[in-house]
Amino acid sequence: MRATTAEGRIRSRTDELERALAPFGGRAFRPDDRARAELALDDAGFGAEFVPAELGGRLERIDGLGRVVRPACRRDLSLGFGYGLNCYFAATPVWTAGDFAQREWTAALLMGGGRIAVARPAVSHANDFVRDEFVLRRDGGRRRLDGAKTAVCNYARARGLTVVAGTEDGSHEVLLVDREILPADTLRTLHRYRTVGLDGCEFGGLEFAGCPVPEEAVVGEPGQGMNLVVRCSVVTRALLPSVMVAAGDTVLRTAVRFAVDHRAEDPYGPLRSPYGREVLTGALLDLLIGDSITLAAARGIHLLPDRVSACAAAAAYTVPKLLQDSAHDLSTVLGEAYFDTKGRYGAFGRMVRDLPLLGQGHAGTAARQAMLLAQLPHLARNSWLNDEEPPAALLRPWEDLPSADLAALAPAGASDPVVPVLSACDGADGELGALVTAFLGELRELRDRFARITPGDGLSSPDTLALTDRYALVCAAAASLGVWREHRAERPGSFLADPAWITGALHRLGVLLGLDVPKAPSESVERLLFETVMDRYERRRSYDLYETSLES
């Protein structure tokens, strides 16, 4: 029976994909595993996840898409991102600004099992993947596309290409290209670009030479391609952390598996030593914190498209750092087994190698900091400690949402969508109340320092970059606090309604910020968190906000 709510359909679909990928779990992927897993995803109609429901697909909620791809990403990031989510990123400009024919064609391609790739523009803060650029030139009465790019994901097998090309007047166009109808010799597939991380993703080069471009290939308003790209980047930043949370789940689960396997032979192992237990519970908290800010960013696209930009940038900036740091700590649990690439613990090393490359995104952490720095002085002067708190639905994953209007996304928000939660929770009791007070004090300090920055000041100084780090952690704390508060109000008795986890989460973030917080959370908090780590491992439940039942 089909679920009657979007939340029910997301859970049902996630369970279906877990079952479809059940044979591929618990160890590092081999090339033949990936090929068979791709076939399993095709048989399950995976491409429909990236197509809006109004076009016949299954995509109803952005946060739901982030959850549906997790079964693939938990097993192999190259599978979940390269074969999956990257197609959605390539299609996002079409869903945002494409005309009817472009949307229909893209929907049919993805729902038929085809792939679409994106060739991004060159920008000053980008990484080496997007240093080169395509150029659109006038040749008589026609426009032609020239140039080469070294590393395009799905470069060889994608029929659809979303190409961002510079023009002779200095603007950009977004083009939707069907490679199957291009004239001969106008598009050449170059060599594959090998990477250490995400080595299962098919990165490689494409070269256009005098390729004719019809007017109907232009996506959105002519000359407004870069504006469209910047708006679509908000969606990318909101979704990428969800993929990383899935990888972080595998990292923690593999470390726990090792600890359980060696429990009998090592009486002083990580399950019994204070340090080992602290590392395991810290990794759980990092996943819950990361998933909380990811939830706010993804649902904000639906509820607060004109305000969500700062939260999305903070999520994309902070979540990779949290998860990479916890993976480093967890490597001490595995010891020499960390170097096992093919056996029972091989998934750990693969995820640790893949996370940094995926965390870079197409433009790297500098782009996320630049996006924050462009907004935070304004938010400090006009929003922080003044705005009303966000709608409750922002942090209630069980509530349905209005359809996402991607065209309404703003590159910079007029107000902050998340940090007002801190003010709303002021006055909490006990240890939690002291932590909230400490974070409000940090927010006041950030407000005072950002408010003094003027447009003429250099924004990329070491001092201001450090301030963006601090803001991103405060934003993560506010999102986590909001998740706890909404569960306490509407889901009493659940783990996320218990003050123990949010106390542990705020303590962990407070230590990172150097706030005046206790040296460690109370013993009862630590005990409950460790019991949760072990309980979810034994019951095969995910370590994120949703406790999804896992098949392998």
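Reply: A residue counts as buried when its relative accessible area is under 20%, as exposed when that area is over 50%, and as partly exposed in between. The model is predicted.

Me: Is Val 51 buried or exposed?
Reply: Val 51 sits in the loop between helix 2 (31–43) and helix 3 (62–68). The cut-off for a buried residue is under 20%. The relative accessible area of Val 51 is 0%, so Val 51 is buried.

Me: Which residues is Val 51 in contact with, leaving aside its neighbours within four places in sequence?
Reply: Contact here means heavy atoms within 4.5 Å. Met 111 is 60 residues from Val 51 in sequence, and the two C-alpha atoms are 7.4 Å apart. With the neighbours within four places set aside, the contacts of Val 51 are Gly 57, Arg 58, Leu 59, Trp 95, Ala 107, Leu 110 and Met 111.

Me: Why does Asn 86 count as buried?
Reply: Asn 86 belongs to helix 5, residues 77–97. Beyond four places in sequence, its contacts are Phe 81, Ile 116, Val 118, Cys 153 and Asn 154. The limit for buried is under 20%. Asn 86 counts as buried because its relative accessibility is 5%.

Me: What is the phi of Leu 385?
Reply: Leu 385 is in the loop between helix 12 (376–382) and helix 13 (420–424). Its relative accessible area is 27%, so Leu 385 is partly exposed. Leu 385 is a residue other than glycine, yet its phi is positive, near 65 degrees.

Me: What is the relative accessible area of Arg 540?
Reply: Arg 540 is in the segment after helix 17. Although Arg 540 is not a glycine, its phi is positive, about 55 degrees. Arg 540 is partly exposed, and its relative accessible area is 47%.

Me: What is the radius of gyration of the protein chain?
Reply: The chain has 17 helices and 8 strands. For 552 residues the globule rule gives 24 Å, and the chain comes close to that, so it is as compact as a globular protein of that length; its radius of gyration is 23 Å. The C-alpha trace spans about 75 × 55 × 45 Å along its principal axes. The radius of gyration asked for is 23 Å.

Me: How much of the protein chain counts as buried?
Reply: The chain exposes about 21000 Å², with 50% of that area supplied by carbon and sulfur atoms. Among contacts with a separation of 6 or more, 76% join residues 24 or more positions apart. Of the 552 residues, the share that counts as buried is 59%.

Me: Which helix gives the largest share of the lining of the largest pocket?
Reply: The largest pocket has a volume of about 530 Å³. Two or more lining residues come from each of helix 8 (274–303), helix 9 (309–334), helix 16 (499–513) and helix 17 (523–539). The largest share, 7 residues, comes from helix 8.

Me: Which residues lie nearest the centre of the largest pocket?
Reply: By class, the lining has 9 nonpolar, 5 polar and 10 charged residues. The lining has 24 residues, and those nearest the centre are Glu 278, Thr 281, Arg 508, Pro 521 and Glu 526.

Terms used. Residues are numbered from 1 along each chain as its sequence is written. This is a predicted model: local features need pLDDT of at least 70, side-chain atom pairs count only at pLDDT 80 or more; totals for chains, interfaces and linings use all residues. Side-chain values use heavy atoms; hydrogens and water are left out. On a 1 Å grid over the protein atoms alone, a cavity is a set of points where a 1.4 Å probe fits but cannot get out, and a pocket is an open set with protein on both sides within 12 Å along at least five of seven lines; lining residues have an atom within 4 Å of a point. Grid points are joined across faces, edges and corners, and a volume is the space filled by probe spheres set on the points. Helices (H or I, at least four residues) and strands (E, at least two) are DSSP runs, numbered from the N terminus. Ala, Val, Leu, Ile, Met, Phe, Trp, Tyr, Cys and Pro count as nonpolar, Asp, Glu, Lys and Arg as charged, and the others, Gly among them, as polar. The radius of gyration is taken over C-alpha atoms; the globule rule is 2.2 Å times the number of residues to the power 0.38. Buried means under 20% relative accessible area, exposed over 50%, partly exposed in between (1.4 Å probe, protein chains only). Accessible areas come from the Shrake-Rupley method with a 1.4 Å probe; for residues, only the protein chains shown count as cover.
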